[in-house]
Amino acid sequence: MANLNVTIPKLKLNDGKSMPMLGYGTGTAWYKKDNDSKTDQAAIDAVKSAIKLGYTHLDCAESYGTETELGTAIKESGVPREELFVTTKVSKDNINDIAGAIQRSLEKLQLDYVDLYLIHQPWFTVSEAELQKAWADMEAVQASGLAKSIGVSNYLPSHLTAILKTAKVKPVCNQIEFHPYLQHPELLEFHKQNGIATTGYAPLTAATKAKPGPVDDYVGRLTKKYAVSENEIYLRWCIDQDIVPVTTSAKEQRLSDYLRAVTFKLTPREIKEINELGSQKHFRGFWSKRFKEDDRS
Ligand SMILES: NC(=O)C1=CN([C@@H]2O[C@H](COP(=O)(O)OP(=O)(O)OC[C@H]3O[C@@H](n4cnc5c(N)ncnc54)[C@H](O)[C@@H]3O)[C@@H](O)[C@H]2O)C=CC1
Ligand SMILES: O=CCc1c[nH]c2ccccc12
């Protein structure tokens, strides 16, 4: 397998830290843990392959049940801690004990700190005051040094507006589902106005879950032009818009292929064409019951 020896570019965050612009996720369809107390060797091996290939941005969450495996993989990889960017997320079960949740996550991860700590979803804190309290608890985690940066996931403009009213520290990012069939133009504009970076999960949806679709033919032509697969076009389409895609696979070949996304650049016209074609279809693969049917933000 070709090790491309690529350099993954970094995105500067609003707190001065930097995030590698291609993430490797550990909470996905390929990995389903049937017993939370058992360590899964396949998951450890998959993360180690990713790190060996050059992935440094590693995305996790306490809900995934993979923090122990991620921690073991990091340790066994031998890569110095400071070369990695590790994210985990607090789950709804622990939203009233964020201080305890980060400690437990760090223990499983065998780390002294995470680079990024996120609130996984907003809807369990229904009132504005509860959203604000949870965010203040995140700020305390950052002040304690256990998370270098703090952010949110699956937040809508209304949730962000609520926390920004009382925030001492702005979220560095909002991790949202992002692909041509879920482009969130208003939310992205809100992020831009407030200096909040966008991290995009499920970036390969148009190729893996939402076919056939209006972008298929055009993206097919781009695969020939750039001699890459559809997956890399979708990853590059994110990166070229300063959106950090978080993808995954247990297959080493696929992980190696994804890295080609940092070896070429789409033109502004190609990005615009994918945006326009993609807007003709709406598809949400995650949390659809939590978002209102008509909510595309
Ligand atoms: N914050 C949140 O609420 C969420 C965060 N995430 C994070 O994002 C990460 C990536 O999410 P995904 O939806 O998996 O991203 P994705 O859209 O990049 O899909 C990756 C999946 O597609 C498969 N795939 C790639 N090419 C394929 C092909 N040609 N044929 C068939 N399958 C193919 C891969 O094997 C892998 O299972 C997660 O591991 C997690 O860390 C994911 C969902 C929600
Ligand atoms: O965060 C994204 C969705 C997801 C993937 N695996 C799990 C496990 C438990 C909660 C959520 C998720």
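Predicted model: local features only at pLDDT ≥ 70, side-chain atom pairs only at ≥ 80, totals over all residues.
Which residues have the most contacts inside the largest nonpolar core?

Now the answer. The largest nonpolar core holds 80 residues, and Val-47 and Tyr-117 are the ones with the most contacts inside it. Let's stay with Tyr-117. Setting aside residues up to four places away in sequence, Tyr-117 touches Thr-88, Val-90, Ile-102, Met-138, Val-141, Ala-147 and Ile-150. Please remember Ala-147, as we will meet that residue again.

Let's step back to the whole protein. There are 11 helices and 10 strands. The radius of gyration is 18 Å, close to the 19 Å that the globule rule gives for 297 residues, so this protein is as compact as a globular protein of that length. If you follow the C-alpha trace along its principal axes, the span is about 50 × 45 × 35 Å. Of the 297 residues, 46% are buried. And here is a number about contacts: take those between residues at least 6 apart in sequence, and 77% of them join residues at least 24 apart.

Next, the strands. How many strands make up the closed barrel? There are 8, running E3-E4-E5-E6-E7-E8-E9-E10, and their pairing is parallel. From one strand to the next, the twist averages 30°. A bit of background for those new to this: strands of a sheet pair through backbone hydrogen bonds, either parallel or antiparallel.

Let's zoom in on E7, which covers residues 147-153. In this strand, 6 of the 7 residues are buried, so E7 is largely enclosed by the rest of the structure. On one side, E6 and E7 pair in the parallel sense over 5 bridges. Here comes Ala-147 again: in E7, Ala-147 is the bridge partner of Val-114. E7 also pairs with E8, again in the parallel sense, over 2 bridges. There, Ser-153 stands opposite Gln-175 in E8.

Moving along to E9 and E10. Strand E9, residues 197-201, is joined by 4 bridges to strand E10, residues 243-247, and the two run parallel. Helix H9, residues 230-239, packs on the sheet and touches both E9 and E10, and its direction makes about 145° with that of E10. If you want a pair of residues to look for, Gly-200 has Pro-245 in E10 as its bridge partner.

Now some backbone details in the loops. What is the phi of Gln-110 near? The value is near 55°, which is positive in a residue other than glycine. Gln-110 lies in the loop between helix H3, residues 98-109, and strand E6, residues 114-119. His-184 is not a glycine either, and has a positive phi of about 45°. His-184 lies in the loop between strand E8, residues 173-177, and helix H6, residues 185-193.

Are these residues buried or exposed? Gln-110 is partly exposed, because 13 other C-beta atoms lie within 10 Å. His-184 is buried, because 21 other C-beta atoms lie within 10 Å and a residue counts as buried at 20 or more.

The peptide bond from Lys-211 to Pro-212 is cis, with omega near -5°. You can find Pro-212 in the loop between helix H7, residues 205-208, and helix H8, residues 216-226.

Tyr-218 is partly exposed, with 16 other C-beta atoms within 10 Å. Leaving out residues up to four places away in sequence, Tyr-218 touches Glu-273, Ile-274 and Leu-277. From Tyr-218 to Asp-137 we have 81 residues in sequence and 46 Å in space, C-alpha to C-alpha.

Last stop, Pro-20. Pro-20 lies in strand E2, residues 18-20. Pro-20 is buried, with 22 other C-beta atoms within 10 Å. Apart from neighbours within four places in sequence, Pro-20 is in contact with Ile-8, Lys-10, Thr-56, His-57 and Phe-85. Pro-20 and Glu-69 are 49 residues apart in sequence and 21 Å apart in space, C-alpha to C-alpha.

Notes:
Residues numbered from 1 in each chain as written. Chains lettered and ligands numbered in written order. Pairing = 2+ DSSP bridges. Axes fitted to C-alpha atoms, helices over the stretch in contact; angles between N-to-C directions. Contact = placed C-beta atoms within 7 Å. Rg over C-alpha atoms; globule rule 2.2 N^0.38 Å. Buried ≥ 20, exposed ≤ 12 C-beta atoms within 10 Å, placed from the backbone. Core = buried A, V, L, I, M, F, W, Y, C linked by C-beta atoms within 7 Å.
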